[in-house]
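Trainee: I am new to this structure. Please take me through how its terms are applied.

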Amino acid sequence: MKKIAVIGSNGQLGNCIRKIAPNFENKYEFIFTDSTTLDVTSEEQVNDFFYDNKPDYCINASAYTAVDLAEKEREKAFAVNADGVAHLAQACTEYKTILIHVSTDYVFDGDTNLPYSEDDFTNPIGVYGESKRKGEELALELNPRTIILRTSWLYSEFNKNFVKTMLNLFSQKTELGIVADQFGQPTNANDLAEAIMNIIENPNKTFGIFHFSNYPETTWFDFAKKIAEFSKSSIQLNALTTEQYPTPAKRPVRSTMSLDKIEEMYKIEPKHWENSLEECIDILTQ
């Protein structure tokens with residue numbers, strides 16, 4: 001039975017993989033680790049883990065994701081998002097393991113009106129995006145059997161995310177301002193988990209970089225409006241500009257990604273973000 005190591009399994013994506021793992025228990029043995037059982041910044045711990053377990057697949061769902069805090073904690077961000085990825089990629093090469101590494105739309109600067117393809121120039125405008133781009137580069141350089149999945153605006157019923165934050169604020173406030181001039185693709189982490197398992201199940205692997213998200217693009221403001229609608233909240237939402245809501249880290253204005261490659265190579269058809277959002281809100285408001 002083939003083994004799948006899920007690194008960072010207490011995060012959103014890791015929890016979503018845990019949720020669907022029983023569907024595959026007759027085919028794969030899942031090994032779930034979190035930062036307390038495997039610190040990816042320790043090369044020794046990573047090497048010991050691979051020596052003990054020898055996984056066939058390694059899903060790297062671990063990441064430093066505090067976008068604003070990364071501006072102050074550059075070393076921490078790079079330790080997890082770059083050095084940690086390098087340790088995993090090197091071990092994957094040694095044990096002939098396929099690495100599935102999750103990256104982000106924040107590797108782009110967002111200065112475009114067209115969806116980004118996988119081959120487009122990356123130019124991150126914050127430390128978080130820089131650290132994730134470095135992780136991509138190291139993964140591809142150190143392990144030829146790497147699949148990178150760039151995703152965006154991830155949410156789920158697990159952990160902290162925009163959807164859960166909005167639902168919490170809706171219960172406390174009567175009015176809220178939301179940024180309306182940044183565009184991207186909200187992505188249900190459950191859909192990303194299913195996409196990853198579809199890739200693992202596909203006998204014809206294509207390595208390299210792929211984009212996966214829900215579609216089409218929207219703004220944080222319109223995303224919040226749909227959260228309010230699906231949760232039957234009466235909150236008044238007001239549109240803000242980025243200038244009216246300054247943050248320590250710059251965000252891409254439009255980081256929309258083309259999904260053509262993953263549809264063509266892996267026959268994975270992403271869902272409309274509104275449908276996936278409604279499914280998540282149903283779970284959260286039961």
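Mentor: A helix here is a DSSP run of H or I with at least four residues. The model is a predicted one. S131 sits in helix α4, residues 127-142.

Trainee: Why is S131 called buried?

Mentor: Buried means under 20% relative accessible area. S131 has 0% relative accessibility, so S131 counts as buried.

Trainee: What makes the pair formed by S131 and Y128 a polar contact?

Mentor: The limit for such a pair of N or O atoms is 3.5 Å. A polar atom of the S131 side chain lies 2.7 Å from the backbone oxygen of Y128, within that limit.

Trainee: How do you know that the span of helix α6 is close to the expected one?

Mentor: The expected span is 1.5 Å times one less than the number of residues. For α6, residues 189-201, the 13 residues give an expected 18 Å, and the first and last C-alpha atoms are 18 Å apart.

Trainee: What makes α6 mostly covered?

Mentor: Ten of its 13 residues are buried, including L192, I196 and I200. At the start of α6, a side-chain oxygen of N188 comes to within 2.9 Å of the backbone nitrogen of N190.

Trainee: Which classes make up the lining of the second largest pocket?

Mentor: Five lining residues are nonpolar, three polar and two charged. Tyr and Pro count as nonpolar, Lys and Arg as charged; among the lining residues are Y245, P246, K250 and R251. The space in this pocket is about 170 Å³.

How values were computed
Residues are numbered from 1 along each chain as its sequence is written. This is a predicted model: local features need pLDDT of at least 70, side-chain atom pairs count only at pLDDT 80 or more; totals for chains, interfaces and linings use all residues. Side-chain values use heavy atoms; hydrogens and water are left out. Helices (H or I, at least four residues) and strands (E, at least two) are DSSP runs, numbered from the N terminus. Buried means under 20% relative accessible area, exposed over 50%, partly exposed in between (1.4 Å probe, protein chains only). A polar contact is a pair of N or O atoms within 3.5 Å; within protein, one must be able to donate a hydrogen and the other to accept it, and residues adjacent in sequence count only if both atoms are side-chain atoms. On a 1 Å grid over the protein atoms alone, a cavity is a set of points where a 1.4 Å probe fits but cannot get out, and a pocket is an open set with protein on both sides within 12 Å along at least five of seven lines; lining residues have an atom within 4 Å of a point. Grid points are joined across faces, edges and corners, and a volume is the space filled by probe spheres set on the points.
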